[in-house]
Amino acid sequence: MCGIFGYCSFLQEKDRKTICEILCNGLSRQEYRGYDSAGIGIDGDKPGEMIFFKEVGKVAGLRKKIAETTVNTSKTFLSQVSIAHTRWATHGPPSIVNCHPLRSDSQADFTVVHNGIVTNAAALRLVLQKRGYKFESETDTEAVAILTKYIYDSQPDKRMNFPELVKTVLKELEGSFAFVFKSSHYPNEVVTARRGSPLLIGVKTEKKLKVDFVDVEFATEGENKSMDALAPTSPGGLLAPPSTNLLRTQSRAFMSEDGMPQPIEFFVASDAAAIIEHTKRVLYLEDDDIAHIAEGELHIHRLRRTDGAQGSSQRTIETLELELAEIMKGKFDHFMQKEIYEQPESVVNTMRGRVNFDQNIITLGGLRAYLPIIRRGRRIVFCACGTSYHSAVATRAIFEELTEIPVSVELASDFLDRRTPIFRDDVCVFVSQSGETADTILAMKYCLERGALCMGVVNTVGSTISRDSHCGVHINAGPEIGVASTKAYTSQYIALLMIALQLSEDRISLTPRRNQIIQGLHALPGQIKTVLEGDKSLQELATGVLANQRSLLLMGRGYQYATCLEGALKIKEISYMHSEGILAGELKHGPLALIDENMPVIIIMTRDSFYPKVQSAFAQITARKAQPIVVCNADDDSIPAGCKTIRVPKTVDCLQGLLNIIPLQLLSYHLAVRNGFDVDFPRNLAKSVTTE
């Protein structure tokens, strides 16, 4: 949810038109995150002046508004700071007034863009209103902008520098957030901060940086007093800035050989996809980092010195492996369609360098040191949300079979609500495509506090889960732009399967089973291509049998229950058709009452040990006049004549779900396209759910 983008240039002459184009492109690259309005804030013609462009709807509408402006777009700036944002409404409906960037007053002394939720915003708003401050919007973010102005105004005799001011503000906030602050009092400076929401900074220079890291500048002792213990310096003051001394040194990374400043550009974003067209050199901020960009240098401070991260005294400037072509649609109509068709390659990328098919060996470097501890664990607890949860359900049975360790699968939000008992000998696995899912991160922190071994399975390198977990596996699925997370499901499925295979490598009795699965993995990419070749027949189903239907039931058993859950989720979120995944064994316990000749049903009947039981379920629904669509193996000749079928290749039982989900992904895509829905931006949904 919400996309942040900031652009800072130093000694780089840029005209206003170019700056606006860079901002809009940055927002466009983050459209997949889900949003309902967009806005930018740029420097005006006079010192300290800001110009805002805001629009409800898509970034395309914002571009049109900018194109129609009478503002002088040819004006050039040698150095400048501009900020942009796509908003996903939480406090107040989508509107121009609620759209970011949000200002502290009519003069825009302080301007803020924000991703996340400030949970104590209502209390802050009340206190500030009592002190005479006027609010324009209904947002929680405006309370932060006005609070910043209040603290600045209350200290006329002792002006803090910009990062000190932001630090004072942050200490009054509760919730999760990523912020970018801009101010007319601190021209050509920007301060960013994060707690719980992702934020990264791209660096672009003509010359190579002297070092590939930025030092963290810790505050001096005495700064860690609580704000409540500090006496206000103005009568009736709400807050008092702490007596802090931020150590400011010239950042080693940005020193030039002759000591002279060098031209440089900084790009602040919620996602690497927004800056890849400008630079591949990025720095990921950690929770409670405060980054200050000024005079062509980047400085990083900490909100608190003693917060468990004091040992990390540097932030590495990394090189992105991402290519611009990977986040473009290419020959496809939608990102979702592209990502479905990329799965033969994405599953190979997940296995690359990890599976030796000649010797049937799995090697996961991120787990190597922890394998003995995991094998001694009392139980394995999977914790995830949405599609990631379904991938854990899909692999639970093979984990239990290969490790003989009890396995539970938890929805992260429910896990936290129940305050589930966790012990030191538990192994907790947190699955998330983005690595920034708020509920999953909170569940991980809960387990870390209780001493459990925490493992992350994520796609995004540098994400919160990948940094804060003890060990883990990156699924290497490549960028996920569409909200549907199609590639993420199959790559997470394979990554979890590889973990189970490696954990079982010390059990000689399981060698034949393990070898069978590894050889099945070898054949998988070619089999996925075979399934994709049947796309046309799936399109005909979507425009024929399933056209104009209001509801759909998907049923399966064993390994295919997760396939039904994930298929139903895809159909729900993309085509807005009510769909439900049902465990075929539960048919007689209620769902059978829904079955008649008018209820569309998809039943998964691929051959495995549960095949006879699913045949029984098939008989029960056809006896009640249902006309199910059957997902079955290509060589299965036992399906009654006249049944509509979706044929898929046969593979090992625990891998069959990887092939069976592809037709359901395609089906959801074609249903949405037929009904004229926006496949890549389904209503009310966000790609990366960074709030609870």
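## Strand pairing

Leu200 stands opposite Tyr284 in strand E14. This is a predicted model: local features need pLDDT of at least 70, side-chain atom pairs count only at pLDDT 80 or more, and totals for chains, interfaces and linings use all residues. Residues are numbered from 1 along each chain as its sequence is written, and side-chain values use heavy atoms, without hydrogens and water.

Strand E11 (residues 200-205) and E14 (residues 281-284) run antiparallel, joined by three bridges. Strands are DSSP runs of E, at least two residues; helices are runs of H or I, at least four; both are numbered from the N terminus. Pairing requires at least two DSSP bridges between two strands. E14 also pairs with E17 (residues 314-319), antiparallel, over three bridges. There, Leu283 stands opposite Ile317.

## Nonpolar cores

The largest nonpolar core has 85 residues. A core is a set of buried Ala, Val, Leu, Ile, Met, Phe, Trp, Tyr and Cys residues joined through side-chain atoms within 4.5 Å. Buried means under 20% relative accessible area, with a 1.4 Å probe and protein chains only. Helix H13 (residues 486-503) gives the largest share of this core, eleven residues. Another core lies apart from it, with 31 residues, including Leu147 and Phe162.

Phe382 is among the residues with the most contacts inside the 85-residue core. Beyond four places in sequence, its contacts (heavy atoms within 4.5 Å) include Phe399, Val429 and Leu496.

## Ser183

Ser183 is found in strand E9 (residues 175-183). Its relative accessibility is 4%, so Ser183 counts as buried. Leaving aside neighbours within four places in sequence, Ser183 contacts Asp109, Phe110 and Phe162. A polar atom of its side chain lies 3.0 Å from the backbone nitrogen of His185.

Key:
Buried means under 20% relative accessible area, exposed over 50%, partly exposed in between (1.4 Å probe, protein chains only). A polar contact is a pair of N or O atoms within 3.5 Å; within protein, one must be able to donate a hydrogen and the other to accept it, and residues adjacent in sequence count only if both atoms are side-chain atoms.
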